[in-house]
Structures are given as structure tokens and as C-alpha cells.
Amino acid sequence: MYKGGLKRSIDFIIVLCTLVVIWPILLLIIIFLHFANKGAGVFFTQDRPGKNAKIFKAIKFKTMTDERDAGGKLLPDDVRLTKIGRIVRSLSIDELPQLINVLKGDMALIGPRPLLPKYLSLYSSEQFRRHEVRPGITGWAQVNGRNNISWKKKFELDVWYVDHMSFLLDMKIFFLTIKKVFVREGINMEGMATTEPFNGNN
């Protein structure tokens, strides 16, 4: 019953109520990012595979500028990541616009994180099972290491979640996520502003 539709209904109600409460905070974040990003915009969207690998537009707060070098190439992530953006990312606030994706049905509150479409051809058949459910804003892999564990381990955790998804597990992930945000664990891999790309072997 939970997998069949109750999870989706609970997500919709929670997100709708949350947006009603936090919209002033979101407005404040938008204002700060507008100035910090130096005209690069406040939001950005990326194609991401959802349930059954159907592509949708994931929405996030933009935490980097669009600054480029003399040759027109974007500067490294750690250079373009703004001070405000670093705070927003460390608190996982950059994920908040994905609440809209949850309302639309593209995502769930809890589930495997939606990754880049270019990774689809690199997954093993077992790893591809992560697309049997809606992707989430947070998930089992995020509360068990996030960017500080290997891709292989992340996918193992994602598939484990698919096989064990339940209301109680989602509640556990929800409260562990809150703990992770306050402790600020596993935000980035050591020495990197963002995690390394998946190449099919790591």
C-alpha cells in the first residue's frame, strides 16, 4: 500500500504544507543568491532520470557564478562556488527547490538521488534498479556517507533501499538527514568542491 500510492500522497501533503511555511525563508535565500552569483541567476535546471529512467528537469538553487577564464572556459568549481553558495550547499538548502519536483510527481522526498543522464549507459543491470522508484531529495546513501563513499557503495545502498522501502525506513532516513545537515557530514569528498564524476568503474 505504501509503495502503491500512499507514499506519493504523503509526500504531496508534506511538501505543500512545508512550502506554505518556509516561503519567506526561500525568498530571503533568493535575494542573497541573486547578489552573490553576480548575475548568473538564482536557479538552474538539469535533465535527470526519474522513475523508470524518464527524464525530467530537476530544479536547484545555483551556488556558483558563471565566471570563465581568458579562453572562455568555466573556472573550476571550487573557484566559482561563492561563500553564500558554500553555506547553502553545506546546509543542503540548494536542494529545497526540488520540493517543486516532488509536487509535480517527478521526485519523492526520500529515494535514490537523481544523477546525470550520461550515467545511464554506465550502470550495471543491478545498479540500474535504482530507477525502479522515484528519485528523492535525500536517501539511504545520503545518510550513509553521501559524497564520502564510492559510487559502487552508493548504488548498493540505493538498490537496498528499493528492496526495503517502507514508511518506517523513510522516517528513519528523514531524521538521519536532519542530523547530517546539522553535523554537516559528507557534503563533499575531501579536497573537492563537488564529488568526482562516475565513470563506470568507481
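Predicted model: local features only at pLDDT ≥ 70, side-chain atom pairs only at ≥ 80, totals over all residues.
## Helix α1 and its kink

Helix α1 covers residues 2-36, and although it has 35 residues, its end C-alpha atoms are only 42 Å apart, short of the 51 Å that a straight helix would reach at 1.5 Å a residue. A kink of about 60 degrees lies within α1 at I22, shortly before the proline P24.

The buried residues of α1 are Y2, K7, D11, V15, L19, I22, L26, I29, L33 and A36, so that I22, where the kink lies, is itself among the buried positions. These buried residues pack against several elements, namely the strands β2 (55-61) and β3 (108-110) and the helices α3 (83-90), α4 (98-104), α5 (151-164) and α6 (167-183).

## The loop after α1

Helix α1 is followed by K38, which has a positive phi, near 55 degrees. In the loop between α1 and β1 (43-49) lies N37, which is buried, with a relative accessible area of 0%. When its neighbours within four places in sequence are left aside, N37 is in contact with V42, K62, T63, M64, T65 and T82.

## P112 in the loop between β3 and β4

P112 is found in the loop between β3 and β4 (136-138), and it counts as buried because its relative accessibility of 2% falls under the 20% limit. The C-alpha atoms of P112 and K154 are separated by 8.9 Å, although the two residues are 42 residues apart along the chain.

## Aromatic pairs and a charge over a ring

The structure holds twelve aromatic pairs. One of them joins Y2 and F167 in an edge-to-face arrangement, 6.0 Å centre to centre and with 80 degrees between the planes. This pair links distant parts of the chain, with Y2 in helix α1 and F167 in helix α6, 165 residues apart. Y2 is buried, with a relative accessible area of 14%, whereas F167 is partly exposed, at 40%.

The rings of Y119 and F198 have their centres 5.6 Å apart and their planes at 85 degrees, so this pair is also edge-to-face. Because Y119 lies in the loop between β3 and β4 and F198 in the segment after α6, the pair ties together parts that are 79 residues apart in sequence. Y119 is buried at a relative accessible area of 6%, and F198 counts as buried at 5%.

Ring pairs link Y119 and F198 with Y123, F128, W151 and F155 into a cluster. The charged end of K154 sits over the ring of W151, 4.2 Å from its centre.

Definitions and conventions
Residues numbered from 1 in each chain as written. Heavy atoms only, no water. Helix = DSSP H or I, 4+ residues; strand = E, 2+ residues; numbered from the N terminus. Expected span 1.5 Å × (residues − 1). Bend = angle between axes of the 7 residues up to and from the residue. Buried < 20%, exposed > 50% of the residue type's maximum accessible area, 1.4 Å probe, protein only. Contact = heavy atoms within 4.5 Å. Phe/Tyr/Trp six-rings, centres within 6.5 Å; stacked < 30°, edge-to-face > 60°. Lys NZ or Arg CZ within 6 Å of the ring centre and 35° of its normal.
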